[in-house]
Amino acid sequence: MQKNYGVKFTAFSSALPSVVVKNNDLEKLFSTSDEWIYTRTGIRERRVVSDKESGLSLSVDAANKTLAKAKVDPKDLDLIIVATTTPDKLYPSMSCMLQGKIGAKNSFCFDLSAACSGFIYGITTAAQYIYNGECKNILLVGVDIHSRFIDWSERSVAVLFGDGAGAVLIQRCLAKDDELMCHSLHTESDVDLDLTLPNENILYPNHKNEICPDFVKMNGKAVYQFAVRVVPDVVNKILNKVNLTPKEIDYLVLHQANQRIIDTVSEKLKFNKTQVVSNIEKVGNTSAASIPLVIADSIEKKILKAPCKMLLVGFGAGLTWGGLLINWQGDS
Ligand SMILES: CC(C)(COP(=O)(O)OP(=O)(O)OC[C@H]1O[C@@H](n2cnc3c(N)ncnc32)[C@H](O)[C@@H]1OP(=O)(O)O)[C@@H](O)C(=O)NCCC(=O)NCCS
């Protein structure tokens, strides 16, 4: 396709809730240990929302920081996309509520549901609105608060997830300056429901007087095997498309699901440790927020520096997965 415009990633930011839950705190809820959790997942602590916080409040925080960094007026936003599977309400969407909170009255808004691949699906969706000439300034937020959808007595799930939000401003630029080099998105229906968050009140309408718990259910081994199968495959697809080798990529940014998955995949692909960014130790798996969160974190800590080629891969419930390669020239 002949592109009339290019896509530029102007500013990344993140927001974390205030409550820190360390592995030692979980030892009080069920039989586990810091050592078990850390060796199996690489996680030491995660953040969860307090009663005063929500997915929306985290989104507002991440959005405002991003717009301030980019020096863009909210009124100049054309589109807001929020990638989430834990919205504050079924409707209005998170993006519609966010629009009101940040005063982006000239934008149209929708949410995108692709679980932990949401941010990758969101970037590719946003890019289409830039390429077709409809939008100049798009705010993409990835946010999830799985702490509200976890059975805190189910140890194999509760240790993994944390809450957070991450955002990026995606702007139109000249076609020759396009920073999005290529993408590859995939879906394989999870017929065995290895990773699911049921909506019990819809499934059992006759129980409408009861509050039915909606909890994440996961077959950890099956999800692990899925991830180590599809992530290398999508990375190779992208590298082949652009005719590059792992050595020519500066940073591999994988969805922060589990440090063991990150290590296994990067070793399999022969990326060395200095190319692989990670912050899972401090935040756990923040689902749709994990990729922008680790990017924003790594920029702030000066671990990730522009100009660079960063290869991003998300994977999760659906099952969905996808990757993209960004030739990032830095914050504006
Ligand atoms: C969840 C996960 C860490 C479990 O690790 P595992 O090595 O597969 O562990 P298993 O499920 O085989 O359980 C091993 C044992 O540890 C126990 N166990 C499970 N959770 C535990 C915990 N938090 N603390 C202590 N023991 C635990 C199990 O009950 C089991 O005991 P048993 O052998 O007596 O039956 C791992 O499967 C995983 O990371 N999967 C991917 C999950 C993921 O990334 N999800 C999100 C994708 S977006």
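## A walk through the two domains

Start by colouring residues 5-177 as domain 1 and residues 180-328 as domain 2, the two parts the chain is divided into. Keep in mind that you are looking at a predicted model.

Next, select the contact between the domains: 46 residues come from domain 1 and 45 residues from domain 2. Stay on the domain 1 side. The elements giving two or more residues there include strand E1 (5-15), helix H2 (34-41), strand E6 (137-145) and strand E7 (163-174). Now pick out helix H5 (118-131); H5 gives the most to this side, with seven residues. Colour this side of domain 1 by residue class and you get 23 nonpolar, 15 polar and eight charged.

Now move to strand E4 (residues 79-83) and strand E5 (residues 108-112), which pair in the parallel sense over five bridges. For one of those pairings, click Ala-83, whose bridge partner in E5 is Leu-112. Then trace the chain from E4 through helix H4 (residues 94-102) to E5: this β-α-β crossover is right-handed.

Finally, zoom out to the whole chain. Switch to cartoon and there are 11 helices and 13 strands to look at. The C-alpha trace spans about 55 × 45 × 35 Å along its principal axes. How does the radius of gyration fit a compact globule? With 332 residues, such a globule would come near 20 Å, and the chain has 19 Å, so the two agree. Colour by burial and 49% of the 332 residues show up as buried.

Notes:
Residues numbered from 1 in each chain as written. Predicted model: local features only at pLDDT ≥ 70, side-chain atom pairs only at ≥ 80, totals over all residues. Helix = DSSP H or I, 4+ residues; strand = E, 2+ residues; numbered from the N terminus. Rg over C-alpha atoms; globule rule 2.2 N^0.38 Å. Buried ≥ 20, exposed ≤ 12 C-beta atoms within 10 Å, placed from the backbone. Pairing = 2+ DSSP bridges. Right-handed = clockwise from strand over helix to strand, strands pointing away. Domains from an automatic or database assignment. Contact = placed C-beta atoms within 7 Å. Nonpolar A, V, L, I, M, F, W, Y, C, P; charged D, E, K, R; others polar.
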